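My notebook is open, and I am ready to look a few things up. Come along and check each entry with me.

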Amino acid sequence: MSKNKILIAGNWKMNKTSAEAKALVSEIVAVCGSTTSVDVAVCPPFTALSAAAESLKGTNVLLGAQNVYVKESGAYTGEISASMLKEVGCSCVILGHSERRQYFGESDAFINEKTKVAQAAGLLPIVCVGETLSEREAGKMMEVVTTQTVGALAGVTDAANLVIAYEPVWAIGTGKTATPAMAQEVHAAIRALLVKQFGEAGSKVRILYGGSMNPANASELLDEKDIDGGLIGGAALKSATFLDLVKIACSKERGGHKCCCSCQ
Ligand code: PEP
């Protein structure tokens, strides 16, 4: 079966002011703004979404946020609703990132609620799962990833608007990447869960790999059967490395041929 269309999504985390976001987005769209070979998304912090949206206007690059709250409006100081994200131009949202699980105590049940709220609002959720080093060393990797995936997707019926990101926590921001075989093993397990829940539609849900993905390791990761793209942290903060990743993805999609835009 042919692979799913590659998605390269940049998770900027708590980096970039509005002015910096504008500059970075302008550099990205100048090169791959019109690509149709792959899907490209940038996810700046909330304060830079508006500036990024300006620079993304009329391009094919998607805008995403890094979190959303489950309520629509009201007395929830510090939170942002799905319709606020839509209004500013977001079409996707990262949910359940390990940093949110670790520092902000997000549970699978809360991530599940957010996933449903995002889908209902027409936002594409990018749901993150992944084990810590100690969980992997204790042989609990599959159990953890299964619990997180099943928990985040409980009651979710819309497979068409869903992306999963497998991000082994020990590989995030550490320079340590899962080998393609290690990543594929977990991606295949997630794929099986998706097919169990959604039937054939589960095979169309993109599963991204995240964890120190960079231009040196992306090609072989993207060659794996169930790796449909990357959620990129550090390498998304510079246009040169992010665009190199887009180019690698483009050339995979086009069987080694030049991209449809000016990225190659
Ligand atoms: C991330 O935080 O989503 C991530 C993958 O970060 P990095 O690429 O820096 O490991």
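**Entry 1: a loop residue**

In which loop is K16 found? I looked, and K16 sits in the loop between strand 1 (7-11) and helix 1. I keep in mind that this is a predicted model. The phi of K16 is near 85°, which is a positive value in a residue other than glycine.

**Entry 2: another positive phi**

I then turned to S212, which is not a glycine and yet has a positive phi of about 55°. S212 has its place in the loop between strand 7 (206-210) and helix 9 (218-222). Is S212 buried or exposed? With a relative accessible area of 17%, S212 counts as buried, because the cut-off for buried is under 20%.

**Entry 3: around the ligand**

S212 came up again when I looked at the ligand. Which of the 14 residues around the ligand come nearest? I noted K13, H97, E167, G173 and S212. By class, the shell has four nonpolar, eight polar and two charged residues.

Next I wrote down some distances to oxygen atoms of the ligand:

- For K13, an N or O atom in the side chain is 2.5 Å from a ligand oxygen.
- For E167, an N or O atom in the side chain is 2.7 Å from a ligand oxygen.
- For G233, a backbone N or O atom lies 2.8 Å from a ligand oxygen.

How much of the ligand does the protein bury? Taken alone the ligand exposes 290 Å², and the protein buries 96% of that.

**Entry 4: helix 2**

I wanted to know why helix 2 is largely enclosed by the rest of the structure. Six of its eight residues are buried, so that explains it. The buried ones in helix 2 are L49, A51, A52, A53, S55 and L56. I looked for what covers them, and the cover includes helix 1 (18-32), strand 2 (39-43), strand 3 (62-65) and helix 3 (82-88).

E54 also lies in helix 2, which spans residues 49-56. E54 is partly exposed, with a relative accessible area of 46%. I compared E54 with G96: they are 42 residues apart in sequence, and their C-alpha atoms are 27 Å apart in space. Just after helix 2, I found that G58 takes a positive phi of about 75°.

A general reminder for myself: in soluble globular proteins, nonpolar side chains tend to be buried together. Here the largest nonpolar core has 66 residues, and those with the most contacts inside it are V42, I164, I190, L194, Y209 and F242. Which helix gives the largest share of this core? Helix 10 (residues 239-253) does, with seven residues. Apart from this core lies another one, of 13 residues, among them A41, C43, V163 and L208.

**Entry 5: one more helix residue**

My last stop was Q184, found in helix 8 (residues 180-198). Q184 is buried, with a relative accessible area of 13%. What does Q184 touch, not counting residues up to four places away in sequence? I found E224, K225, D226 and I227.

Terms used:
Residues numbered from 1 in each chain as written. Predicted model: local features only at pLDDT ≥ 70, side-chain atom pairs only at ≥ 80, totals over all residues. Heavy atoms only, no water. Helix = DSSP H or I, 4+ residues; strand = E, 2+ residues; numbered from the N terminus. Buried < 20%, exposed > 50% of the residue type's maximum accessible area, 1.4 Å probe, protein only. Contact = heavy atoms within 4.5 Å. Core = buried A, V, L, I, M, F, W, Y, C linked by side-chain atoms within 4.5 Å. Near = heavy atom within 4 Å. Polar contact = N/O pair within 3.5 Å; in protein donor to acceptor, adjacent residues only side chain to side chain. Areas by Shrake-Rupley, 256 points an atom, 1.4 Å probe, with all protein chains shown as cover. Nonpolar A, V, L, I, M, F, W, Y, C, P; charged D, E, K, R; others polar.
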